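I wanted to look up a few local features of this chain and write down what turned up. My entries follow in the order in which I checked them.

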Amino acid sequence: MSASPPSTSLPETLTRLVEQRQLTVSDAHRFLAQAGPGAGSAVPEAAVLRWLASEYSVAFNELAAIAPERELLAAFPARLLVRDELLPLRRLPDGSIEVATARLFATAAFDGLRRLTGQRLRPVLAPSEALRRELKERLGVGADTLGILGDEAGLQVVEQEGTDDGNLDGAAEDASIIRFVNQVLRDAIELRASDIHLEPFENELRIRYRIDGVLQDVPVPAQIKRFQPAIVARVKILSHLNIAEKRLPQDGRIKVRIDEAEVDIRVSIIPMLHGEAVVLRLLRQNAALRGVAELGLGTRELAALRRVLQLPHGIVLVTGPTGSGKTSTLYTALQEINVAERKIITIEDPIEYQLRGINQIQVSEKSGLTFARGLRSILRHDPDVILIGEIRDAETAQIAVQASLTGHLVFSTLHTNDAPGAITRLVDMGIEPYLVASAIEAVLAQRLVRVLCPHCRAVDDTPTCRALRTRLGIDSGAVVYRAVGCRECRQTGYHGRRAIFEWMDSSTEIRELILRSASADALREAASRAGLRTLAADGRRLVEAGVTTIEEVLSVTSTGETMDIVAGGPIR
């Protein structure tokens, strides 16, 4: 079969299929004639391939539920399968092998594979996107690259005592290793991963991405372990670290641009039993910040946040564990008040987003620029608003309190389980209760819950769900959903995350309790009387809206609240 030159008279979709040798010009015109006027401009590729399969008596498979035999895949060179987008499916009774392809007329690839393996191959048409997805899932990220490396007799990377670091440097600069590391970075960014984990074990190098707060295994070729030292060395070279140092932890950073997306990557390397483990944190520099109205706060909490943003002085704290979205919330708040009349300075470690019109300082422990030292210098720059990335020690806390009492609006974060806990944490750091009572204006605690995948969520009417509905006080008319899992969400049942919040204002009663060094429980009771809604109660709001599941809310709220729910206690 041979393809005719593309015709400019065809609709764009069909022209592209002709150029990619998925369709001939004559077939494209016949398809248009049979499909009727208006067809072709937005017709799905699968519809065209299904028609083509019927015309040429070829099978069609959407690859929705397939499981190619591992032994069958191993019989074919991975690099050729990936390059030509060919996927062996199964061996037929007559001994021939079904091979999925999206390009029926690209016969050279089929013929080359047939000559190389000596097998009889039978084409099966399948959509190109489904083919690429299945190839990556079955063969692993970078299978074509590592296939090439495996065929290069001159490159054998084995980490042993006395390894020549010069040879390792050369291996790390090999085009195939560079391409493999680039493929991993691109794949992680496209999948919205926040972290990449490279973990060495005795017989494997495991790669995992953290997506929506959960680590997920990444399929990789079995031979990747052989190239572990070169892969780690490549990461070290990109982050300007010492490739000869393998006994001590090292930290670095990489800045990359992929499809107009600028990503700052923080690198941490730690020696483990079977080699060096690498964690890369991906920080998207030009991610669009939303307005405070899109943070997902309840009506009361949103009004309270907007009120404190207009205050001339005081401290506003955001609390929660690492990865709970605290910095994103603070950046969004700063954008809301980023006007020409206000000077805003931040000191952070790291700077996660670059904000136009805001002065940002990067903490550097090596050069001696700590939070406390930087904060002292900031106060001499006549700021109106200050953002401290994190209050880590008593010195930083003391300076932050003094700054708020001298006419500055200060934003910062703390690692505490809930809003009242932030008050007791400051007192435990050594800050006098009367200073805390005078300085603190509000505390916002938050967590991130995963959002149900809209493509596969299902109504949850199990006995467990019915029991939890009663204990959580979920409205009887609300429809509660459960996570299922599909290809769109990588079988997790979730896609994306939303925040749940707990807002505590500093009322007169709370200030009096702080002066008496009251416990966090006493502060919580007073805040509840003033209208505080707990994290679990705010999560209930999202469950009733069909955004997330009961289990997801329980997994991120504090232990005390979870025990209350299990025991059937009330949630205010």
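Before naming elements I note that helices (H or I, at least four residues) and strands (E, at least two) are DSSP runs, numbered from the N terminus. The model is predicted, and local features need pLDDT of at least 70, side-chain atom pairs count only at pLDDT 80 or more, while totals for chains, interfaces and linings use all residues. Residues are numbered from 1 along each chain as its sequence is written, and side-chain values use heavy atoms, with hydrogens and water left out.

Entry one, backbone. Most residues other than glycine have a negative phi, and most peptide bonds are trans. I looked up S57, which is not a glycine and yet has a positive phi of about 55°; S57 is found in the loop between α3 (45-55) and β1 (59-60). D212, in the loop between β6 and β7, also has a positive phi, near 55°. I then found a cis peptide bond joining D349 and P350, with omega about 0°, and P350 has its place in the loop between β12 (344-348) and β13 (359-362).

Entry two, accessibility. Buried means under 20% relative accessible area, exposed over 50%, and partly exposed in between (1.4 Å probe, protein chains only). S57 is exposed, with a relative accessible area of 71%, whereas D212 counts as buried at 12%.

C489 is in no disulfide, and the nearest cysteine sulfur, that of C486, is 3.8 Å away. C489 is buried, with a relative accessible area of 5%.

Notes
Disulfide = S-S within 2.5 Å.
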